[in-house]
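Here is a short report on nonpolar packing and charged pairs. Keep the structure open while reading.

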Amino acid sequence: SLCNKNTHCSSSFRTNLKTMRPFYILCYCLLISALSLGAVAEQSAQSTIATPTSSAQVMADTLMHAFWSKTGVAGMSVAVSQGGELRYSKSFGYADLRKQLPMEATSQLRTASVAKVITATALGKLVTDGKLDLDAPIGQYIDYLKAPYSQLTARQLAGHTSGIPHRPASKKAKNKHYTEAKEAAALATTQDLLFEPGTAYAYSSLGYNLLSALIESVAGKPY
């Protein structure tokens with residue numbers, strides 16, 4: 001996770017990150033390799049990778065510090081798990097530059113579109129458990145939706161073929177913080193569809209707001 005809303009990250013960071021993609025991938029591969037080698041050494045020596053003196057820990061710290069310096073972001077937090085066990089967790093830089101608050105493992109960060117990966121994973125789990133049909137109208141699961149939104153399917157929403165715009169046109173609506181999935185879903189249903197669902201592609205964050213409401217309804221848990 002990189003930065004948060006108070007870190008004042010450089011506006012050119014996203015552009016720079018695209019050109020730095022090979023470096024990003026290399027850092028990721030080296031980090032996983034270092035921790036994997038540490039895990040092998042741990043098994044043979046019956047020690048723990050979590051100790052500060054672990055060579056894998058030192059290597060991972062050095063690698064991530066170099067990545068943080070290279071990207072120029074205010075702060076970042078890294079965690080790696082293997083086999084359901086947390087192998088590495090470290091934070092670098094600041095969570096708030098103005099207040100000079102250091103980044104910590106518990107610092108709350110904006111997930112941005114990483115949340116879409118989490119949402120898609122949750123959908124897959126519900127499908128695997130037999131609780132959700134990807135091709136059924138979502139109105140079967142969300143009783144407060146009206147047509148045409150109730151006729152959309154989870155597959156269309158997840159694949160960005162629902163016709164729902166990416167974001168609301170209103171700047172006020174776009175910048176508002178929504179605390180409940182139902183509230184965010186209501187925002188999505190105020191938008192006119194760009195095309196007949198399933199006939200074209202248009203990236204949509206609002207569509208994933210609807211998926212969040214769908215997950216809540218099907219799972220019976222807040223999302």
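The text covers the cores, then the salt bridges.

This is a predicted model: local features need pLDDT of at least 70, side-chain atom pairs count only at pLDDT 80 or more, and totals for chains, interfaces and linings use all residues. Residues are numbered from 1 along each chain as its sequence is written, and side-chain values use heavy atoms, with hydrogens and water left out.

**Cores.** A nonpolar core is a set of buried Ala, Val, Leu, Ile, Met, Phe, Trp, Tyr and Cys residues joined through side-chain atoms within 4.5 Å. Buried means under 20% relative accessible area, exposed over 50%, partly exposed in between (1.4 Å probe, protein chains only). The largest core holds 25 residues; Ile138, Leu152, Leu157, Leu210, Leu211 and Leu214 touch the most other members. Helices H4 (114–128), H5 (154–158), H7 (181–188) and H8 (205–219) each give two or more residues to this core. H8 gives the most, with 8 residues. Helices here are DSSP runs (H or I, at least four residues), numbered from the N terminus. Another core, of 9 residues, lies apart and includes Leu63, Met64, Phe67 and Phe92.

**Salt bridges.** The count is 4, where a side-chain nitrogen of Lys or Arg lies within 4 Å of a carboxyl oxygen of Asp or Glu. The table lists some, including these:

| Pair | N to O distance |
|---|---|
| Arg87 – Glu85 | 3.3 Å |
| Lys125 – Asp129 | 2.7 Å |
| Asp135 – Arg155 | 2.6 Å |

Asp135 sits in the loop between H4 and H5, and Arg155 in H5, so this pair ties together parts 20 residues apart in sequence. Arg87 is buried at 7% relative accessibility, whereas Glu85 is partly exposed at 42%.
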